[in-house]
Amino acid sequence: MTCRRFLPLCVFFALRLSLAFPLVAGTPAESAFKKLQSLAGQWEGKDAHGMAAKTSFEVLASGTAVMEKLEASGMEEMITLYSMDRDGIALVHYCPTNNQPRMRVVPTSSDVNELSFDYQGAGNLKSPETGHQHHLVLKFEDADHLTETWTWREGDKDTPMVFHFARKKS
């Protein structure tokens, strides 16, 4: 009889306690992937030369993938798919040059401000000297500003392509 009287009170305090302490965000990779998902929407910006650029992010496949469509001045559209990969995040970049570089990052912290993806290989690449996207750094300036630095590698020469984006307001 006494237990029934205190049960609602215990449930109330348990609920209050669970709200006071947020759920653990999971692994650093899960936290970083949530940050990628938060980019969903339209973005506008410029490249390092002041030329217009735009990108968009869409969360797909029940939240298991994020697709980016990047359009830079003078270039055809590029598509990048991001997904969880064990303790990291993997991407496949579909390039107008008709190759598909694969990159991966393993975040070390749940407080992600930057993701630096390293080249892992590529589909449809004739040789490692053939031009391809070789590295990507996503820098989360704040919730509405993102800097992307893509590194194009051809032969032994790396050329960075920097894009500064702001979230497009509706």
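**Close-up views of a predicted model**

**View A. The hairpin of E3 and E4.** Gly 74 takes a positive phi near 80° in this hairpin, where five residues lie between the strands. Strand names follow DSSP runs numbered from the N terminus: a strand is a run of E with at least two residues, and a helix is a run of H or I with at least four. This is a predicted model, so local features need pLDDT of at least 70 and side-chain atom pairs count only at pLDDT 80 or more, while totals for chains, interfaces and linings use all residues. Residues are numbered from 1 along each chain as its sequence is written, and side-chain values use heavy atoms, with hydrogens and water left out. Strand E3 (residues 65-72) runs antiparallel to strand E4 (residues 78-85), and six bridges join them. Two strands are called paired if DSSP finds at least two bridges between them. To find your place in this view, look for Glu 68, whose bridge partner in E4 is Thr 80.

**View B. From E4 on to E5.** The next hairpin is formed by E4 and E5, with two residues between them. In its turn, Arg 86 has a positive phi of about 55°. Strand E5 (residues 88-94) is antiparallel to E4, and seven bridges join the two. Ile 79 has Tyr 94 as its bridge partner in E5.

View C. Side chains of opposite charge can pair when their charged atoms come close. A salt bridge here is a side-chain nitrogen of Lys or Arg within 4 Å of a carboxyl oxygen of Asp or Glu, and the structure holds seven of them. One of these brings together Arg 86 and Asp 85, at 3.1 Å from N to O. Both residues belong to a network of salt bridges that also links Asp 87 and Arg 104. Arg 86 is exposed, at 68% relative accessible area. With a 1.4 Å probe and protein chains only, buried means under 20% relative accessible area, exposed means over 50%, and partly exposed lies in between.

**View D. Two further salt bridges.** Asp 144 and Lys 169 meet through their side chains at 3.2 Å, N to O. Asp 144 sits in the loop between strand E8 (132-142) and strand E9 (145-154), and Lys 169 in the segment after strand E10 (157-167), so this pair ties together parts that are 25 residues apart in sequence. Asp 144 is partly exposed at 24% relative accessibility, whereas Lys 169 is exposed at 60%. Arg 153 and Asp 158 form another salt bridge, at 2.7 Å from N to O. Arg 153 is partly exposed at 26%, and Asp 158 is partly exposed at 37%.

**View E. Aromatic pairs.** A pair of aromatic rings is described by the distance of the centres and the angle of the planes. Rings of Phe, Tyr and Trp (its six-membered ring) pair if their centres lie within 6.5 Å; planes under 30 degrees apart are stacked, those over 60 are edge-to-face, and the rest are tilted. A search of the whole structure finds three such pairs. Among them, Trp 43 and Phe 57 are edge-to-face, with 6.4 Å between centres and 80° between planes. Trp 43 belongs to strand E1 (residues 41-47) and Phe 57 to strand E2 (residues 52-60), so the pair ties together parts 14 residues apart in sequence. Trp 43 is buried at 1% relative accessible area, and Phe 57 is buried at 4%. The rings of Phe 163 and Phe 165 are stacked, because their centres are 6.0 Å apart and their planes meet at 15°. Phe 163 is buried at 2%, as is Phe 165 at 3%.
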